[in-house]
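Please brief me on this model.

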Amino acid sequence: MKKFPEGFYWGAATASYQVEGYNENTDWALAARQGKVPQAGRLADHYHRYEEDFDIAKELGHNAHRLSVEWGRIEPREGVFDEEELEHYRTVLKALKKRKITPFITLWHFTLPLWLAQSGGFERKDIHRIFARYCAKVVSALGDLCDNYSTINEPNVYATHCYLYGVWPPFKRASIFGKKIGKEDGTSERTGQNASFKNFLTYTKVVKNLIVSHNTAYDAIKEVRPDALVSVVKHVHVFENNGTAWNRIKSWIMAHYQTHAFMIGVQHKLDMIGLNYYRQTYFGEPKVYEVSDMGWNMFPEGIYQALHMLKIYHKPIVIAEAGVADARDAFRAQYIEKQIEGVSRALQDGIDVRGHMYWSLLDNYEWALGTDKRFGLVEVDYQTLKRTIRPSAHHYKKIIENNGIL
Ligand code: BGC
C-alpha cells in the first residue's frame, strides 16, 4: 500500500522531561543535583515555547502530535493537584487544536514526582491506586480536549534501567545484570549502583506493579471518559535469527521476556497499542550495519516485524516513537523512508496501524546520556534556543503530503 488510509495520523513525539525544561520536582532532577545523571536545566524550553514548536510541526505537515504531561508538576505533593499546571496543559492542547493537530497524551513518561520517588515509587504496594487517581484527575481535566491517552511509556525499559542495570533513579542494580563497560587498563566494570540480588526481586515486583497500575488506571480513566482511547506505549525489540534451533529459542525467550510477558498482563485493558521501535538483534552470523549516534544498529525496516509481534493482540496500533539519533542528519531521511516502508508493508498485511509519530520533534534530553544525542526533526541550539528544521524533516513532510511513501 503506497497510499496510507485516509485520516492516518502523521506527526512526531516529545516527552515532558526531555523538552520542557526545569522539571525540578522529579527523581531525575534530584539525581542530577546529586551528580548521578546529567543536568537537564532549561533544555528546549518547550514549556514556554510550545506555540513556536507547534507552528513548526504544522509547517512540516503534521496532523498529530504525541506529548506527555509531567506528573511532578500536576501532583506536586501526594494527593494535592495543581490546577494551574493542569490549566497550562489545557492551553497547550488548545494550541494544538488551533492548528488542527490531534493530540496523543502520555500520562507518565519515566519521571516520578519527588514525593513518590522518595516513598518507593513503583515499589509501593498502593502504587496502582495512586497512579489511577493521578490518571483519572488528568483525564477529567483535559478530557474535552484530547481523546487519546497512554498510561505508561515503555514499562520494561523503565524497570530494566532502574532495577536491573541500576542506571536510572532509583539506581538499583541486580547483581548479575548491568552493562559491562571497558576501562582504559583493559579491565571492565559493570554500570549501575547499589548492586544486590534482592534488586532482582524488586524488579519483578515493579514489573507486576506496572501491569496492575495500567489496568487500574484504565478502569479509572474509563469512569471519567468512557469513550477515551486508552493505550500503553510498548517498546518492541525485534529478535531475529538464522533459523537454528538454539537461536530460535533465544529469539522466542527474548521476545517473551521483553514484550509479551507485559502485553499479556494488560491485553484486556487496551483500546489501542502505542509501539516504540528502535532496535533489532540478530542471533546468528554477525551482520554488518551502519550505526546511529547511539551506537545502535540501524535497521528501520524492522518496524515491520515489530508490528507483526503486536498483531496478536488485535488492537489498533499507533507508532508512538521510532527514529534515529543522527546529529549530522546524514541518515535520517532514508531511515524515515525505510521505516515508513515497513509500516506500509504491515498495512498491506492487514495490520490496523493508525498513525506514525517520529521520535522526536525536537532535540532533547536523552536521559543518562544528556543532550548530545540528536533525535530531532528540528535541531535545538541550547545556548540561543534557536530552532532549525533539518532537511530530513522536509523529506518526512513530502511523505506526509503524499499520504504514503514516495
Ligand atoms: C524513550 C524516549 C527516548 C528514546 C530514545 C525511548 O526509549 O521513550 O524517551 O528518548 O527511546 O532512546
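Leaving aside neighbours within four places in sequence, H46 is in contact with V19, E20, D53, F54, L362 and R387, where contact means heavy atoms within 4.5 Å. This is a predicted model: local features need pLDDT of at least 70, side-chain atom pairs count only at pLDDT 80 or more, and totals for chains, interfaces and linings use all residues. Residues are numbered from 1 along each chain as its sequence is written, and side-chain values use heavy atoms, with hydrogens and water left out.

**H46**

- H46 is found in helix 3 (residues 46-59). Helices (H or I, at least four residues) and strands (E, at least two) are DSSP runs, numbered from the N terminus.
- H46 is buried, at a relative accessible area of 7%. Buried means under 20% relative accessible area, exposed over 50%, and partly exposed in between (1.4 Å probe, protein chains only).

**Ligand site**

- There are 13 residues around the ligand, and Q18, E154, E321, E366 and W367 come nearest. A residue is near a molecule if one of its heavy atoms lies within 4 Å of it.
- By class, this shell has 6 nonpolar, 4 polar and 3 charged residues. Ala, Val, Leu, Ile, Met, Phe, Trp, Tyr, Cys and Pro count as nonpolar, Asp, Glu, Lys and Arg as charged, and the others, Gly among them, as polar.
- A polar side-chain atom of Y278 lies 3.4 Å from an oxygen atom of the ligand.
- In the side chain of W359, an N or O atom is 3.4 Å from a ligand oxygen atom.
- For W367, a polar side-chain atom lies 2.9 Å from an oxygen atom of the ligand.
- On its own the ligand has 310 Å² of accessible area, and the protein covers 94% of this. Such areas come from the Shrake-Rupley method with a 1.4 Å probe; for residues, only the protein chains shown count as cover.

**Nonpolar cores**

- The largest nonpolar core has 121 residues; W71, L107, F122, Y134, Y158 and L275 touch the most other members. A nonpolar core is a set of buried Ala, Val, Leu, Ile, Met, Phe, Trp, Tyr and Cys residues joined through side-chain atoms within 4.5 Å.
- Helix 7 (residues 127-142) gives the most to this core, with 11 residues.
- A second, separate core of 13 residues includes F104, M272, M294 and V318.
- Beyond four places in sequence, L275 touches residues including V236, I303, L310, V318 and E321.

**Helix 8**

- All 10 of the 10 residues of helix 8 (residues 155-164) are buried, so this helix is largely enclosed by the rest of the structure.
- Its cover includes strand 3 (102-108), strand 4 (148-153), helix 9 (198-224), strand 7 (229-235) and helix 10 (245-266).
- Just after helix 8, G166 takes a positive phi of about 65°.

**Loop residues**

- S175 lies in the loop between helix 8 and strand 5 (180-182). S175 is partly exposed, at 32% relative accessible area.
- S175 and P76 are 99 residues apart along the chain, and their C-alpha atoms are separated by 33 Å.
- R374 sits in the loop between strand 12 (353-359) and strand 13 (378-380). R374 counts as buried at 17% relative accessibility.
- A polar atom of the R374 side chain lies 2.8 Å from the backbone oxygen of V380.
- Among the residues that R374 touches beyond four places in sequence are D326, R332, D363, Y382 and R390.

- Most residues other than glycine have a negative phi, and most peptide bonds are trans.
- A cis peptide bond joins P169 and P170, with omega of about 10°. P170 is in the loop between helix 8 and strand 5.
- The bond from W359 to S360 is also cis, with omega near 10°. S360 is in the loop between strand 12 and strand 13.
- L43 has a positive phi, near 50°. L43 lies in the loop between helix 2 (27-33) and helix 3, and is buried at 5% relative accessible area.
- E154 has a positive phi of about 45° although it is not a glycine. E154 is in the loop between strand 4 and helix 8, and is buried at 8%.

Key:
Polar contact = N/O pair within 3.5 Å; in protein donor to acceptor, adjacent residues only side chain to side chain.
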